[in-house]
Amino acid sequence: MCNDFDFMFKPIVLVTGFGPYLGHPVNASWEAVKIMNKDEIEKKHSVEFVQIEIPVTYENVDEFVPALWETHTPKLMIHVGVSSRGQCIELESQAHRKGYSKVDYFDKCPANHTCTADGAIRLHTKLDVERINKEFNDGNPPSEGGVRTQVSKDAGRYLCEYIYYTSLSKDNTRTLFVHVPVMDIYSSEQTARGLERILDLCLDQIHEKEQVEKNAEKLKNTVLTDVEE
């Protein structure tokens with residue numbers, strides 16, 4: 001009973017993938033996300049791990065994503081989408097508010113081609129994607145056929161970039177978007193293992209930041225105590 005009670009208060013890590021759409025009746029993003037190792041992730045990081053499939057519509061993003069943030073207050077939010085042109089896993093560094101002229105699964109696009117979320121014309125993730133990229137690739141030599149990553153500044157001005165901007169507007173310190181290639185490039189299993197590694201590296205950065213903040217607060221309290229004495 002005690003363990004069940006403790007689990008209720010564990011931080012939540014959310015990873016989303018997209019459902020089918022034109023040209024992708026089976027979406028490589030969700031196929032990989034849904035087979036990420038939930039038990040291993042939860043045990044390793046002491047979190048509750050939640051995988052969610054998002055329909056490829058602007059309306060669903062507008063409705064679901066803010067609700068996910070409000071309901072779960074995730075420690076980390078990773079959105080995953082498929083890139084038809086991608087040759088490896090791409091770590092997206094930014095998202096734009098305007099320019100969404102491509103119609104979604106329901107043949108619709110947002111009013112004025114603009115994301116409904118509030119924020120600057122362009123938002124960047126505060127996660128260090130260059131560091132994630134380096135640490136990921138250092139452990140996966142291309143000569144051994146390992147999965148590779150690269151950093152991207154163009155998330156495509158479609159649902160992928162739209163959902164990224166929406167989450168970045170909520171909290172850019174713990175949000176990342178990852179583009180994965182089609183299943184002819186990497187199998188779902190390969191991509192899932194790659195996503196698990198990216199998740200590990202993101203949480204490493206978040207934990208480091210939390211520790212720095214704790215140490216700073218501790219130092220601040222120590223100084224205040226000394227002054228009072």
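Which residues are exposed on the other side of helix 3? In this predicted model, local features need pLDDT of at least 70 and side-chain atom pairs count only at pLDDT 80 or more, while totals for chains, interfaces and linings use all residues. Residues are numbered from 1 along each chain as its sequence is written, and side-chain values use heavy atoms, with hydrogens and water left out.

Helix 3 spans residues 38-45, and its buried residues are I41, E42 and H45. Buried means under 20% relative accessible area, exposed over 50%, and partly exposed in between (1.4 Å probe, protein chains only). Helices (H or I, at least four residues) and strands (E, at least two) are DSSP runs, numbered from the N terminus. The exposed residues on the other side of helix 3 are D39, K43 and K44. After helix 3 comes S46, with a positive phi near 55°.

T57 occupies the loop between strand 2 (48-54) and helix 4 (58-72). With a relative accessible area of 1%, T57 is buried. Beyond its neighbours within four places in sequence, T57 is in contact (heavy atoms within 4.5 Å) with D104, Y105, F106 and L159.

Rings of Phe, Tyr and Trp (its six-membered ring) pair if their centres lie within 6.5 Å; planes under 30 degrees apart count as stacked, over 60 as edge-to-face and the rest as tilted. The count by this rule is seven aromatic pairs. One of them, Y21 with Y158, is tilted, at 6.0 Å centre to centre and 55° between the planes. Y21 is buried at 17% relative accessible area, and Y158 is buried at 15%.
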